[in-house]
Amino acid sequence: MTNVLLKRFGFLSVMLSILNACNSYPPVSENALKPLVITEPVKFDTDDPAIWIHPDDASKSLILGTDKEQGGGLYVYGLDGKIIQNKIVKGLHRPNNVDVEYGMKLGDTLVDIAVVTERNNETIRIFSLPDLQPLDKGGIEIFIGEEKRGPMGVALYKNPSDNSLYVIVGRKEGPLEGYLWQYHLSDAGDSSVAITEVRRFGKYSGKKEIEAIAVDDELGFVYYSDEMHGIRKYYADPALGNEELAFFGENDFTRDMEGISIYDSGNGKGYILVSDQQKNAFNIYPREGTKSSPHDHKRMKSIDVSAIESDGSEVTSVSMGPRFPQGLFVVMSTDKTFHYYDWRDVMVNNNSK
């Protein structure tokens with residue numbers, strides 16, 4: 001086993017060197033975290049992962065990831081990084097980001113769902129989990145009435161007070177106020193999902209775009225990357241209003257702040273991880289803020305990763321078996337793969353900045 005890992009990491013180093021030289025990618029640090037698993041590649045261009053946790057056996061959990069091109073798809077992997085061929089959703093029209101939520105009521109059953117933005121069709125796609133069956137009649141239009149409608153970022157929110165489900169969507173271009181649109185998800189009555197717009201919220205700097213969105217269901221906050229500007233924080237529950245609660249990280253990144261994921265360590269504590277895309281690194285912030293303010297998120301440290309120019313990530317604190325006993329950190333890499341990191345390696349990494 002040791003020889004296999006050495007050969008694999010040696011091959012990884014060679015491939016990274018070739019990619020960096022040919023495409024002017026930022027160099028991967030010699031001290032970068034090494035993934036325990038690198039997935040099989042997609043056809044075109046990986047962009048964003050999500051994790052679905054099996055309710056009875058975490059070893060049967062699934063990793064979902066988008067292949068972001070016209071004719072791309074939603075790929076599904078096991079914890080071994082191998083593509084599960086009979087679960088791939090093929091032929092999507094530039095699928096961008098994906099998120100997962102649990103326990104949506106459809107009829108008399110509770111269904112776990114994955115939602116994908118289909119950029120070139122100006123729709124979101126909704127699929128049941130773990131069987132990846134469509135629940136959307138081929139796609140649900142969003143940003144209706146807008147001139148520029150191509151969706152990119154997506155995050156799902158389940159309100160713990162009443163179990164109502166929402167999808168929050170960002171797009172390639174939008175206004176300086178009300179860039180994000182939030183929709184309520186409901187049972188359409190015919191084994192499909194319907195959406196209803198409930199609000200438009202969120203500031204935008206106008207510098208680049210808003211793609212990375214993440215929701216903390218338990219604490220009730222939504223975070224998003226205003227690329228080349230900073231990270232913004234709002235209430236996820238539309239009933240609580242559209243006040244911006246925090247703006248942070250503006251001086252912590254090489255250029256683009258990208259994929260956001262939230263690690264729950266219990267009792268309202270944990271970590272917010274945000275990709276420093278052009279540095280091949282992630283900045284880590286306290287989920288709970290500080291003693292004086294839950295909205296004061298100062299960078300704790302930066303970790304270098306082997307993934308190249310990561311757009312997206314996802315993390316869980318659920319034990320995923322002996323290889324990932326304290327959780328799994330999944331990171332997109334621009335070489336058409338996703339990397340799986342052991343959470344213990346993330347926390348013992350000493351690349352403090």
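I began with Asp216, which, once its neighbours within four places in sequence are left aside, is in contact (heavy atoms within 4.5 Å) with Phe221, Tyr223, Ile262 and Arg287. I note that this is a predicted model, in which local features need pLDDT of at least 70 and side-chain atom pairs count only at pLDDT 80 or more, while totals for chains, interfaces and linings use all residues. Residues are numbered from 1 along each chain as its sequence is written, and side-chain values use heavy atoms, with hydrogens and water left out.

I placed Asp216 in strand S14, residues 210-216, where strands (E, at least two residues) are DSSP runs numbered from the N terminus. Asp216 is buried, at a relative accessible area of 3%; buried means under 20% relative accessible area, exposed over 50% and partly exposed in between, with a 1.4 Å probe and protein chains only. I also found that its side chain reaches the backbone nitrogen of Glu218 at 3.3 Å.

Next I looked up the largest pocket, whose volume is about 790 Å³, the volume being the space filled by probe spheres set on grid points that are joined across faces, edges and corners. A pocket here is an open set of points, on a 1 Å grid over the protein atoms alone, where a 1.4 Å probe fits, with protein on both sides within 12 Å along at least five of seven lines; lining residues have an atom within 4 Å of a point. Of the 36 lining residues, I listed Val100, Val215, Ile262, Glu314 and Val315 as the closest to the centre of the largest pocket. The elements giving two or more residues to this lining include S6, S14 and strand S10 (151-158), and the largest share, seven residues, comes from S18.

I then followed S10, of which eight of the eight residues are buried, so this strand is largely enclosed by the rest of the structure. S10 pairs with strand S11 (residues 165-171) in the antiparallel sense over six bridges, where two strands pair if DSSP finds at least two bridges between them. Within that pairing I saw Ala155 opposite Ile168 in S11. In the hairpin of S10 and S11, with six residues between the strands, Asn163 takes a positive phi near 65 degrees.

Last, I traced the open sheet of four strands in the order S6-S7-S8-S9, with antiparallel pairing. Its edge strands, each pairing on one side only, are S6 (95-106) and S9 (140-141). Seven bridges join S7 (residues 109-118) to S8 (residues 123-129), and Glu118 stands opposite Thr123 in S8.

Methods:
A polar contact is a pair of N or O atoms within 3.5 Å; within protein, one must be able to donate a hydrogen and the other to accept it, and residues adjacent in sequence count only if both atoms are side-chain atoms.
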